[in-house]
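Colleague: I would like to go through this model with you and ask where the labels come from. Please set each value against its rule before you conclude.

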Amino acid sequence: MSGIASLRLAFSAAILGALLCAPQAFAQSAAAPAQTITLGPSGLPLPRFVSLKPARVNSRVGPGANYSVNWMYMKAGLPMEVIQEFDTWRRVRDADGSEGWINQSLLSGRRTAIVAPWQRGKGGRINLLNEPDKDAGVIAIIEPGVIGAIKKCDGQWCEMTFDGHTGWMAQSQVWGAYPGEKVKN
């Protein structure tokens, strides 16, 4: 038997042995590929959602105070998506897709969300429910574009507070939590 053939035979035997010894582990890894989490220089995941601390925040075209302001946000608690980090600056994206750089000191880990911003101006309304069930009773009717505080999300439903009213909303109806993401605020 040649060296290559015996090496190939040994390799095949090793793979077969691994499959026979741990078939469940192989089936799990083949069925569901591992989700890769990218960490930024801060050690926090990218992308991630945060919110604005103050009511007035400048978004800049680059990561530094010497860069010009391209946008001014006027709402504390506005959710933002951090997509890049550089030193103490965070490149963020808002619900409309605008991007800019904001100093980390102006951002909070407190999770908020905007209700269905893609439906603003279309006359639709979203129900805030008393439990995480599409047939549950309605606590309030929320207009698209309204900002609420996330209490928790289970991957399908988010418990949120809007102006003192706390209830449940389908996670697919908010911008501020990723599909399937579990949040505990």
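Colleague: Where is Val146 found?

Modeller: Val146 is in the loop between strand S12 (138-142) and strand S13 (147-154). Strands, like helices, are DSSP runs numbered from the N terminus; a strand (E) needs at least two residues and a helix (H or I) at least four.

Colleague: Why does Val146 count as partly exposed?

Modeller: Buried means under 20% relative accessible area, exposed means over 50%, and partly exposed is in between, with a 1.4 Å probe and protein chains only. Val146 has 32% relative accessibility, so the label is partly exposed.

Colleague: What should I know about the model as a whole?

Modeller: This is a predicted model, in which local features need pLDDT of at least 70 and side-chain atom pairs count only at pLDDT 80 or more, while totals for chains, interfaces and linings use all residues. Residues are numbered from 1 along each chain as its sequence is written, and side-chain values use heavy atoms, with hydrogens and water left out. The pLDDT is the predictor's confidence in each residue, from 0 to 100. The chain averages 85, and 81% of the residues score at least 70. Over residues 1-34 the pLDDT stays under 50, and the model has three contacts beyond four places in sequence for them.

Colleague: What makes Cys153 and Cys158 a disulfide?

Modeller: The rule asks for a pair of cysteine sulfur atoms within 2.5 Å. The S to S distance between Cys153 and Cys158 is 2.0 Å, so the pair qualifies as a disulfide. By this rule the count comes to one disulfide. The link of Cys153 and Cys158 is right-handed, with 105 degrees about the S-S bond.

Colleague: Are these two cysteines buried or exposed?

Modeller: Cys153 has a relative accessible area of 5% and is therefore buried. Cys158, at 0%, also counts as buried.

Colleague: How do you know that strands S7 and S8 pair?

Modeller: Two strands pair if DSSP finds at least two bridges between them. Five bridges join S7 (residues 89-93) to S8, and the two run antiparallel. Trp89 stands opposite Asn103 in S8. The two strands form a hairpin with five residues between them, and Gly97 in the turn has a positive phi of about 95 degrees. As for cover, four of the five residues of S8 (residues 99-103) are buried.

Colleague: How many aromatic pairs does the search find?

Modeller: A search of the whole structure finds three. One of them is Phe49 with Trp175, at 4.9 Å centre to centre and 85 degrees between the planes.

Colleague: What makes a set of residues a nonpolar core?

Modeller: A nonpolar core is a set of buried Ala, Val, Leu, Ile, Met, Phe, Trp, Tyr and Cys residues joined through side-chain atoms within 4.5 Å. The largest one here has 16 residues, and those with the most contacts inside it include Val115, Met160 and Phe162. S14 gives the most to this core, with three residues. A second, separate core of 12 residues includes Leu46, Leu78, Met80 and Ile102.

Colleague: Why does Asp163 count as exposed?

Modeller: Asp163 has 77% relative accessibility, and the limit is over 50%, so the label is exposed. Asp163 lies in the loop between strand S14 (157-162) and strand S15 (165-170).

Notes
Contact = heavy atoms within 4.5 Å. Phe/Tyr/Trp six-rings, centres within 6.5 Å; stacked < 30°, edge-to-face > 60°.
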